[in-house]
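Try each task by yourself before you read the solution below it.

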Amino acid sequence: MKKVFRACHIILFFTIIATFPAHSVEMRRDTLCTSINFRQGYSIIDPDFENNRASLQRMTAWLDSLSAGESIIRLVTVRGSASPEGFTPYNRKLSIKRAENIGRHLMASRALPDSIVKAVDSDVDWELLRRMVLESGQEWSEEAAKIIAETPIWIFDKEGKIIDGKKRQLAMLGGGRPWFFMSQHFFPAMRNAGYTIICEHEPAAATYVAETTIDNRSEVTDTAMAIVLPPPQETAMQPAQAAAATVDAGQAPGTRFTALLKTNMLYDAAAVPNIAMEIALGNRWSIEAGWMYAGWKSAGRHRSWRINGGEAGVRFYIKGAPGDNSLLTGHHIGIYGQMLTYDFQFGGEGEIADNWSYGAGIAYGYSLPVARHLNIDFTLGIGYLGGKYKKYHPVDDCDVWDATYTRNWFGPTKVEVALVWYIGGNKARKGGGK
C-alpha cells in the first residue's frame, strides 16, 4: 500500500510540473565577417593600406560589443587569399601566412584564446575572381569565367608532366589582354585575408539587426543580432569597383613614397664612381638626379682620367614589366640635362674642359625587375652636348696648350646599364622576405 501511495505522489509531482509553461533560454548564433587587404607579396598587416584601418576599427568595435552584451565567442575562422600571378606553391604559402597573421592579431587585440581561432583552407580565391570577371561585363568575361570554373590548376600528360593549366589558359586568352586587365583591376582585391567571428547570445537582448561586411560586400545576417554595432563610416564597394576606382584615380595599389638608389655599372667599370636617386611621383612619373666623380692622375707623362659632373631628369613609365605591378618598372621615356668638366690624357694628346660643359636630351629605356630590392635599368639618351675645351700635350713636367675648341655634339650623350636598389624593398612585388 505504501508503494502505491509513493508512486501516486511521484506521478502527481510530474503532472504539476508539466502544467507549468515551458520556459527555456534559446541561444542564437550570429556571424560577423570582414577582410583585411595586403600589399602584393606581403603578409604584414598594414593599417594604412587601402581601407584596413576602418576594417580593424570595426573589428575592435564588434569585439567590444560582444563583451558588453555578454555574448560568447564560439569560433573565429580566418581564410587567406593571394592574387594568382605568382608561383602556385608560393601563393598558397603566402595565403596561409596572411591568415596566420590575422589570427594572431585577433588573439592579441582582445585576448582571445587560441583554441577558438582556426585558420581554414587558404589559397587563391578563384571563385572571387570568377565573380569579378562576370560582373565586369567584358567581351571575354564568359570565356574567362568558364576557364576559371572548369580548368584545373595543372593539366598533366600520361607521363605526369605538366602540359597546361588554368593560369596558362587565362594568360593566353585574347593575346594576354584579359590577363593584363585582371592584373590591374581584380588581382589587388584578391590579396586579402577574411575572418569570421561566430558568437552565441540570448535573443531577448536583440535591439537592431546589424549590418556586416563579407568580402567587402554589405549583407544582412540571417539571424537576429544581439549586438548593437556602430554604423559604418564608409560605403563598401564591390571588389571590382574598388580596384577599378584605384586604377582610374591614377594610383598604383599601395602607392607610397618610393625612392631608388642607382649606379651606372658602365661608368663603374670605367673607374668613374657614380650614384643617383630616383623618386616616384604617383604611379608613372618620377624625377631623378645623380653625380659622378673620378680624380685619377698619374705622374708619368701626366696621365689623367678626371671627370666631375651631374645629371637631372624626369621620367614617364609607359608600361610595367609583364607579371609585375610594381612602381618604376618596364618601358620608360624621359628628358634629362647634364653638366660636367673633364680631363682625359693617356701619355699623348689630351683634352680638358676646365669650365662647365652642358647638355640635354631625350632618353628611352627599360627597367627589368630581378629581385624584391633590385632592378637592372637599360637606358639610351640622344641629345646635344656643348662647351669649350682645350687640346694639349705633355712636355717634360708641363702640359703644353695647343688650341681651344668649341664642342657642338649631337648624338648619344647617355648610355646606362644601372643597378637599381629599391630603398626598403618594392612593397608591391612578390618574392623575398616578409
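The exercises below concern a predicted model, and they go from helices to a pocket, then to rings and backbone angles.

**Exercise 1. Find which residues of helix α4 are buried, and work out how they are placed around the axis.**

Step 1: Select α4, which covers residues 126-136. Its buried residues are Trp-126, Leu-128, Leu-129, Met-132 and Val-133.

Step 2: Look down the axis. These residues span an arc of only 155°, which puts them on the same side of α4.

Step 3: Go just past the end of α4, where Gly-137 has a positive phi of about 70°.

Step 4: Return to Trp-126 and look over its ring face. Lys-166 lies there, 5.2 Å from the ring centre.

**Exercise 2. Sort helix α5 into a buried side and the face turned away from it.**

Step 1: Within residues 141-150, pick out the buried ones: Ser-141, Ala-144, Ala-145, Ile-147 and Ile-148.

Step 2: Check their directions. They take up an arc of only 160° around the axis, so they sit on the same side of α5.

Step 3: Turn to the face that points away from this buried side. The exposed residues there are Glu-142, Lys-146, Ala-149 and Glu-150.

**Exercise 3. Describe the largest pocket: its volume, its lining and the strands that supply the lining.**

Step 1: Start with the volume, which is about 750 Å³.

Step 2: Take the lining of 33 residues and ask which lie nearest the centre. They are Tyr-267, Met-292, Gln-338, Leu-340 and Thr-413.

Step 3: Trace the lining back to the strands. At least two residues each come from β9, β10, β11, β12, β13 and β16. The most come from β16, which gives seven.

**Exercise 4. Classify two aromatic pairs by geometry, and compare the accessibility of their members.**

Step 1: Begin with the total, which is nine aromatic pairs. One of them joins Trp-179 and Phe-187, with 5.1 Å between centres and 75° between planes. Planes over 60 degrees apart count as edge-to-face, and this pair is edge-to-face.

Step 2: Check how accessible these two are. Trp-179 is buried at 15% relative accessible area, and Phe-187 is buried at 0%.

Step 3: Move to Trp-291 and Trp-356. Their ring centres are 6.4 Å apart and their planes meet at 70°, so this pair is edge-to-face.

Step 4: Trp-291 is in strand β11 and Trp-356 in strand β14, so the pair ties together parts 65 residues apart in sequence. Trp-291 is partly exposed at 41%, and Trp-356 is partly exposed at 35%.

Step 5: Then find Arg-407 over the face of Tyr-389, 4.2 Å from the ring centre.

Conventions:
Residues are numbered from 1 along each chain as its sequence is written. This is a predicted model: local features need pLDDT of at least 70, side-chain atom pairs count only at pLDDT 80 or more; totals for chains, interfaces and linings use all residues. Side-chain values use heavy atoms; hydrogens and water are left out. Buried means under 20% relative accessible area, exposed over 50%, partly exposed in between (1.4 Å probe, protein chains only). Helices (H or I, at least four residues) and strands (E, at least two) are DSSP runs, numbered from the N terminus. The arc is that of the directions from the helix axis to the C-beta atoms. On a 1 Å grid over the protein atoms alone, a cavity is a set of points where a 1.4 Å probe fits but cannot get out, and a pocket is an open set with protein on both sides within 12 Å along at least five of seven lines; lining residues have an atom within 4 Å of a point. Grid points are joined across faces, edges and corners, and a volume is the space filled by probe spheres set on the points. Rings of Phe, Tyr and Trp (its six-membered ring) pair if their centres lie within 6.5 Å; planes under 30 degrees apart count as stacked, over 60 as edge-to-face and the rest as tilted. A charge sits over a ring if NZ of Lys or CZ of Arg is within 6 Å of the ring centre and within 35 degrees of the ring normal.
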